[in-house]
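Work through the exercises below with the sequence and the model open. Each task is followed by a solution in steps.

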Amino acid sequence: MKIELKPMPPEDAALFRELTQNCDFALTTCRPVSTRRMDYDTFLAKPGNAMLGVYLREGADRILAGQVTVFDYNPRNRSAEFGYRLLEAYQGRGIMRAALGILIDAAVGDDKPLNKLYAQTAAFNEKSIALLTALGFHRDAVLREHHERGGALYDDWVFSLTAGDLRIS
């Protein structure tokens, strides 16, 4: 099985939205859920934004397993935030780790478009924290009581990986 991270066409973005419509968005985002249902063209029109599909390829078959979005690009410091989701059926197999490895290899470095990638996750999201830590991300900040879930407020943690981190490892 080969893992690919490719630009997501509109029909795959719509399919992914449909496949995740009953998921607990509060687990994955601190932003208002309504903003997650963004317009595809409007999102991609912003410089530096990307919507990437995580695809599994077995022979001629290509299966949509997840999504990685890159946004809030800052050209001055060459940074961007990213978010990621993997369908539950594909979790626990190293698929997102491989997909984010592809993103890091393509985007972060002295001769690459970005100096820094960063992500924000809820302090209770142990899977996400373990993934980011395994990829070499550093916890930079705590956004106190920033993530509402079930009527309670939780901290969010901000993680980043820089070109300098990659030179050290």
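**Exercise 1. Surface and charge**

What does the accessible surface of the protein come to, and what percentage of it belongs to carbon and sulfur atoms?

Solution. The model is a predicted one. Its accessible surface comes to about 9,500 Å². Carbon and sulfur atoms account for 50% of that area. Next, take the charges: the protein has 21 positive and 22 negative ones. Their mean positions lie 3 Å apart.

**Exercise 2. Fold and dimensions**

Solution. Now turn to the dimensions. The C-alpha trace spans about 45 × 40 × 35 Å along its principal axes.

**Exercise 3. The core**

Which residues have the most contacts inside the largest nonpolar core?

Solution. Buried residues make up 40% of the 169 residues. In soluble globular proteins, nonpolar side chains tend to be buried together. The largest nonpolar core here holds 42 residues. Those with the most contacts inside it are Val 68, Phe 82, Met 96, Leu 100, Leu 103 and Phe 137. Helix α5, residues 95-107, supplies the largest share of this core, with seven residues. Leaving out residues up to four places away in sequence, Phe 137 touches Phe 82, Ile 104, Leu 117, Leu 132, Phe 159, Ser 160 and Leu 161.

**Exercise 4. A loop residue**

Is Leu 87 buried or exposed?

Solution. First locate Leu 87: this residue sits in the loop between β4 (79-86) and α5. Its relative accessibility is 13%, and because the cut-off for buried is under 20%, Leu 87 counts as buried. Then list its partners beyond four places in sequence: Phe 16, Leu 19, Thr 20, Leu 64 and Ala 65. Finally, compare sequence with space. Leu 87 and Gly 48 are separated by 39 residues in sequence and by 25 Å from C-alpha to C-alpha.

**Exercise 5. Positive phi values**

Where are Arg 78 and Glu 145 placed, and what is phi in each?

Solution. Arg 78 lies in the loop between β3 (61-74) and β4. Its phi is near 55°, a positive value in a residue other than glycine. With a relative accessible area of 28%, Arg 78 is partly exposed. Glu 145 belongs to strand β6, residues 138-149. Its phi, near 45°, is likewise positive in a non-glycine residue. At 56% relative accessibility, Glu 145 counts as exposed.

**Exercise 6. A strand residue**

Which residues does Ile 63 touch, not counting those up to four places away in sequence?

Solution. Begin with the element: Ile 63 is part of strand β3. Its relative accessible area of 31% makes Ile 63 partly exposed. The residues touched are Val 54, Tyr 55, Leu 56 and Tyr 90. To finish, read off one distance: Ile 63 and Gly 53, 10 residues apart in sequence, are 9.7 Å apart from C-alpha to C-alpha.

Note on methods:
Residues are numbered from 1 along each chain as its sequence is written. This is a predicted model: local features need pLDDT of at least 70, side-chain atom pairs count only at pLDDT 80 or more; totals for chains, interfaces and linings use all residues. Side-chain values use heavy atoms; hydrogens and water are left out. Buried means under 20% relative accessible area, exposed over 50%, partly exposed in between (1.4 Å probe, protein chains only). Accessible areas come from the Shrake-Rupley method with a 1.4 Å probe; for residues, only the protein chains shown count as cover. Lys and Arg count as positive and Asp and Glu as negative; His and the chain ends are not counted. The place of a charge is taken as NZ of Lys, CZ of Arg, CG of Asp or CD of Glu. A nonpolar core is a set of buried Ala, Val, Leu, Ile, Met, Phe, Trp, Tyr and Cys residues joined through side-chain atoms within 4.5 Å. Helices (H or I, at least four residues) and strands (E, at least two) are DSSP runs, numbered from the N terminus. Contact means heavy atoms within 4.5 Å.
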